[in-house]
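Visitor: Hi, I'm new to reading protein models. Can we go through this one together?

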Amino acid sequence: IAPASGATDAFVGCLAAAGVPPRLVQTPASPSYAALLLSSVRNLRYAAPGAPRPLAIVAAAEPAHAQATVRCGRRHGVRVRTRSGGHDYEGLSYASLDPRERFAVLDLAAFRDVRVDAARAEAWAGSGATLGEVYYAVGAASRALAFPAGICPTVGVGGHLSGGGFGTLMRRYGLAADNVLDAVLVDADGRLLNRTTMGEDLFWAIRGGGGESFGVVLSWKLRLVPVPPTVTVFTVRRSRNQSASDLITKWQVIAPALPRDLILRVVVQNQHARFEALFLGRCSRLLDHMGAHFPDLGVTRADCEEISWIRSAVYFAFYSSSKPLELLLDRSGETGRFVKAKSDYVQEPIPLHVWERTWSWLEKPEAGLLILDPYGGRMASISPSATPFPHRKGNLYNLQYYSYWVENGTAALGKRMGWVRGLYKEMEPYVSKNPRTGYVNYRDLDLGTNEVEGNVTSYAKGRIWGEKYFKGNFERLAAVKAVVDPDDFFRNEQSIPPLPAAN
Ligand code: FDA
């Protein structure tokens, strides 16, 4: 094994020879390396001093730069970690758990063009664009179109679409990945492929099979979806002593069965539950639905706000619809936080007494929050094998355990991580089983990490975490991997391993 400095020189020299301008390649010796590395780090747990650092960051500006990064990486034993928005909960786009791994970060922040063709209801979005940039461009082009994806506007298109992507339109239109029509990808040989040239198996795998495993997606062709010019939002807060546990217990069966034009999610924090809704229509009709399906929540006309869909994106991101739309373009967002999250799928309603008990968890000084996103509607009518994302019919909702903190040090880390893990353990009897499933975009290394045997990631070990995210689709993902990247170049702690020939 060549020392890191030798590998760096050879890799950087190869990039220069391939025409990548040196100003786009930062090594630890470069003055702007640290700033570029931290530019989209969303979890300080993986930016601590002493964490393994990339030997170079390539801020690609053209497809040829990404192709050269892959080719030079393979030639010189430097792995490539692709970073779009940097929101990976376990930092896999910029950090490695293996101190011996030699890797470069391929930063796609410059691939952020969003071109909307309103007449065709389509758009091309670069992987480095944020969801906020996509929403802004779509909203500017038409009041009648939207794109169904996540709530946080700084999330990157690249990682989000690679893992599925759900938000307030999912009950009507499914996942972001369900609405991808084409993609441009650099494969393990450095070739630039589109849907036709990559083939349907690889195109299936990149729409939900998780980032990193199959290549570098540079851009995505999106199907835009129709929305009415006026939608309605509301947020109602009910505290523990306003029978929040009773309401949450009822919500579990009501929300997944509501009309698909309506999503009612819940955030449970401190000693209250916040019920947040988006309805693709006007307030009067929304009140009819609430009266018919969930009168106990007591929603009134005074709770409603009638706005455009793009304003609803601002509303859910910033808890106010009157903030400037341009905030959607702010890529900085909340940095400077440590984060730990885990997720579950709930298939049977969790009993009232369990919700009653949960308040004591939420009272603790180190408490995080719970986010409950209801499925049903369109989510339940898509086949579990249509994309790698298998959590369709039969899942009432996704339950996310989320903690963030700003205090540095091991004491805070231990307490916060302990809270997330402890509550997750306590919920085990009440959530999906065999396997206990989770959402790949809520990356959780507690579910298991890859082991390399020989020079290839073990499929047998990978199944331990892989079937939790992908259920029966894991084997098909591994079969695609074996064809498109048999040498397992694109690899991280939870990348898809190649299916061994005997399987
Ligand atoms: P990042 O750049 O860190 O990439 C994530 C993974 O994908 C890494 O393994 C990376 O190597 C790989 N990757 C990135 N770009 C790639 C590319 N172009 N080609 C191939 N591989 C690539 N999810 C959700 O469904 N709904 C939601 O509402 C939210 N909300 C939310 C809020 C906040 C604050 C956070 C931190 C996260 C979410 N998420 C979410 C989860 C989010 O969808 C998930 O973290 C995405 O993978 C983030 O994508 P980024 O491009 O930002 O991450």
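Visitor: Where is proline 435 placed?
Guide: Proline 435 sits in the loop between helix 14 (410-426) and strand 19 (452-453). Helices (H or I, at least four residues) and strands (E, at least two) are DSSP runs, numbered from the N terminus.

Visitor: What is the peptide bond from asparagine 434 to proline 435 like, cis or trans?
Guide: That bond is cis, with omega near 0 degrees.

Visitor: And what about phi of asparagine 434?
Guide: Asparagine 434 has a positive phi of about 50 degrees, although this residue is not a glycine. Asparagine 434 also lies in the loop between helix 14 and strand 19.

Visitor: Is asparagine 434 buried or exposed?
Guide: Asparagine 434 counts as exposed, because its relative accessibility is 79%. Buried means under 20% relative accessible area, exposed over 50%, and partly exposed in between (1.4 Å probe, protein chains only).

Visitor: What should I know about the model itself?
Guide: This is a predicted model: local features need pLDDT of at least 70, side-chain atom pairs count only at pLDDT 80 or more, and totals for chains, interfaces and linings use all residues. Residues are numbered from 1 along each chain as its sequence is written, and side-chain values use heavy atoms, with hydrogens and water left out.

Visitor: Back to phi. What is the value at aspartate 488?
Guide: Phi of aspartate 488 is near 60 degrees, a positive value in a residue other than glycine. Aspartate 488 is found in the segment after helix 16 (473-484).

Visitor: Buried or exposed, that aspartate 488?
Guide: Aspartate 488 is buried, since its relative accessible area is 0%.

Visitor: New topic: the ligand. Which residues come nearest?
Guide: Thr82, Ser84, Ser93, Val217 and Tyr439 come nearest, out of 31 residues around the ligand. A residue is near a molecule or strand if one of its heavy atoms lies within 4 Å of it.

Visitor: Which ligand atom is 2.6 Å from serine 93?
Guide: An oxygen atom of the ligand is 2.6 Å from an N or O atom in the side chain of serine 93. An oxygen atom of the ligand is also 2.8 Å from a polar backbone atom of glycine 86. At valine 217, a polar backbone atom is 2.7 Å from a nitrogen atom of the ligand. A polar contact is a pair of N or O atoms within 3.5 Å; within protein, one must be able to donate a hydrogen and the other to accept it, and residues adjacent in sequence count only if both atoms are side-chain atoms.

Visitor: How much of the ligand does the protein cover?
Guide: The protein covers 93% of the 960 Å² of accessible area that the ligand has on its own. Accessible areas come from the Shrake-Rupley method with a 1.4 Å probe; for residues, only the protein chains shown count as cover.

Visitor: Which elements give two or more residues to the shell?
Guide: Strand 3 (79-83), helix 5 (157-163) and strand 10 (216-223) do. Helix 5 gives the most, with three residues.

Visitor: Why does the ligand lie between two domains?
Guide: Domain 1 (4-107) and domain 2 (114-226) both give residues to the shell around the ligand, so the ligand lies between them. Domain bounds come from an automatic or database domain assignment.

Visitor: Now helix 11. How many of its residues are buried?
Guide: Eight of the 10 residues in helix 11 (residues 309-318) are buried, so this helix is mostly covered. Among them are Trp309, Tyr315 and Phe316.

Visitor: What do the buried residues of helix 11 pack against?
Guide: They pack against helix 4, strand 7 (145-146), strand 12 (231-239), strand 14 and strand 15 (305-307). Just after helix 11, tyrosine 319 takes a positive phi of about 60 degrees.

Visitor: Which residue in helix 4 could we look at?
Guide: Glycine 132 is in helix 4 (residues 131-141). Glycine 132 counts as buried, at 0% relative accessibility. Leaving aside neighbours within four places in sequence, glycine 132 is in contact with Pro153, Leu328 and Leu329.

Note on methods
Contact means heavy atoms within 4.5 Å.
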